[in-house]
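Please keep the sequence and the 3D view at hand.

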Amino acid sequence: MSSIDSASRNLTPQDFHSGATPIWCPGCGDYGVLSALEHALAEYGRPPHEVVLVSGIGCSSRLPAYTTCYGFHGVHGRALPIATGVKLARPELEVIAVGGDGDGFSIGGNHFIHACRRNVDMLYLVMDNRVYGMTKGQPSPTTEADWDSDIAPGGLGLRPLDPMALAVAAGAGFVARGFSGRSKELTKIIVEALRWPGFAFVQVLSPCVAFRSETFGWKEKVHPAFETIENDRSQAYGAIAGDDGCGLGVLFRDRGIPDAKEQAANAALAEIEQEFETCR
Ligand SMILES: Cc1ncc(C[n+]2csc(CCOP(=O)(O)OP(=O)(O)O)c2C)c(N)n1
Ligand code: SF4
């Protein structure tokens, strides 16, 4: 995204840490994601005033307030269109959209598909706890079919959505998965995603200890999985189809999208302008 030399900035994770105390539950995975993001931003090297964090609504969407970057706490499911607007209007800024699986794949699912195909230069970080945390434990699109709860006794019986497979199918150029409890690996993935010249999607498995206490056990289940596949989308799709949902790493990079940084932003802008013209 930017060629800023990180070493020359001498930034530390603390430079990205605001005075606001998170109101997340003790043990929530989102603490680990915040920490990894702060470390990644310090390594990446752009100062807080050049970074914009945009979120929707949910526990995870509170994250921008806990950093010193510019923040936009938006509307449920609308982080990506807002982030797209920010990036098109101010391409020199680093734009990061964050939120939860309900926010991003349910009410915001349509925006996710189109953000992948538009390829506007930004990072989309989804804290996936496979539940609606803020509204007290409803199943989300990534919840397992047989997950039993008071709200959905016996489970919904619906096959969960695979966001990585969807991202690959929709045309994303960078697709990865991390775990909130593996901070160093997650930081590395986020740095790589920030450097990616186009739309980068990172799914972070982030336990909700309040409404899915068993997700605390993800630390035993996650495992390094992906040998990064370059350019071959069908091979990437095959790799994610055979995954158990707990595999970590960078799954896919598509360097075949030409000049993604400039051209994708311009292409998206032209497309949006054309849509406005058609509406007149
Ligand atoms: C338009 C609209 N519909 C529903 C809600 C209620 N709501 C707030 S947060 C949320 C889901 C949050 O789940 P997720 O995005 O997975 O985030 P988490 O809280 O688990 O981090 C819902 C349904 C809302 N705020 N706005
Ligand atoms: S309800 Fe779940 S997602 Fe929300 S802060 Fe608590 S542990 Fe985190």
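## Helix H5 against helix H6

A helix axis here is a line fitted to C-alpha atoms over the stretch in contact, and angles run from 0 to 180 degrees between N-to-C directions. The model described is predicted. In it, helix H5 spans residues 109–118. H5 packs on H6 at an angle of about 45 degrees, and the two axes lie 8 Å apart. H5 and H6 are therefore oblique to each other. Their crossing is right-handed.

Which residues of H5 and H6 make the contact? From H5 come Phe112, Ile113, Cys116 and Arg117. From H6 come Pro163, Leu166, Ala167 and Ala170. By class, this contact has seven nonpolar residues, no polar ones and one charged.

## Helix H6 against helix H9

H6, residues 163–170, also packs with helix H9, residues 233–241. Their axes are 9 Å apart, at an angle of about 170 degrees. Angles over 145 degrees count as roughly antiparallel, so H6 is roughly antiparallel to H9.

On the H6 side, the contact residues are Met164, Ala165, Ala167 and Val168. They meet Arg233, Ala236, Tyr237 and Ile240 of H9. Seven residues of this contact are nonpolar, none is polar and one is charged.

## Helix H2 against helix H7

How do the axes of H2 and H7 cross? Helix H2 covers residues 30–44, and helix H7 covers residues 183–195. The two axes come within 8 Å and cross at roughly 50 degrees. That angle makes H2 oblique to H7. H2 passes H7 in a right-handed crossing.

H2 brings Gly32, Val33, Ser35, Ala36, Leu37, His39, Ala40, Leu41, Glu43 and Tyr44 to the contact. H7 meets them with Ser183, Leu186, Thr187, Ile190, Val191, Leu194 and Arg195. By class, the contact holds ten nonpolar, five polar and two charged residues.

## The cavity

Rolling a probe the size of a water molecule over the atoms shows where empty space is left. How many cavities of 30 Å³ or more does a search of the whole structure find? The search finds one. The largest cavity has a volume of about 30 Å³.

Its lining is made by Gly77, Arg78, Ala79, Leu80, Pro81, Asp103, Gly104, Gly108, His111 and Tyr124. Helix H3 (79–89) and helix H4 (101–107) are the elements that give two or more residues to this lining. H3 gives the most, with three residues. The lining of the largest cavity divides into four nonpolar, four polar and two charged residues.

## The largest pocket

What volume does the largest pocket have? The volume is about 310 Å³. In total, 14 residues line this pocket. Closest to its centre are Pro160, Leu161, Asp162, Asp244 and Gly245.

Methods: Residues numbered from 1 in each chain as written. Chains lettered and ligands numbered in written order. Predicted model: local features only at pLDDT ≥ 70, side-chain atom pairs only at ≥ 80, totals over all residues. Heavy atoms only, no water. 1 Å grid on protein atoms, 1.4 Å probe; cavity = no way out; pocket = protein on both sides within 12 Å on 5 of 7 lines; lining within 4 Å. Points joined across faces, edges and corners; volume = space filled by probe spheres on them. Helix = DSSP H or I, 4+ residues; strand = E, 2+ residues; numbered from the N terminus. Parallel < 35°, antiparallel > 145°, perpendicular 65-115°, else oblique. Left-handed = near helix turned anticlockwise from the far one by under 90°. Contact = heavy atoms within 4.5 Å. Nonpolar A, V, L, I, M, F, W, Y, C, P; charged D, E, K, R; others polar.
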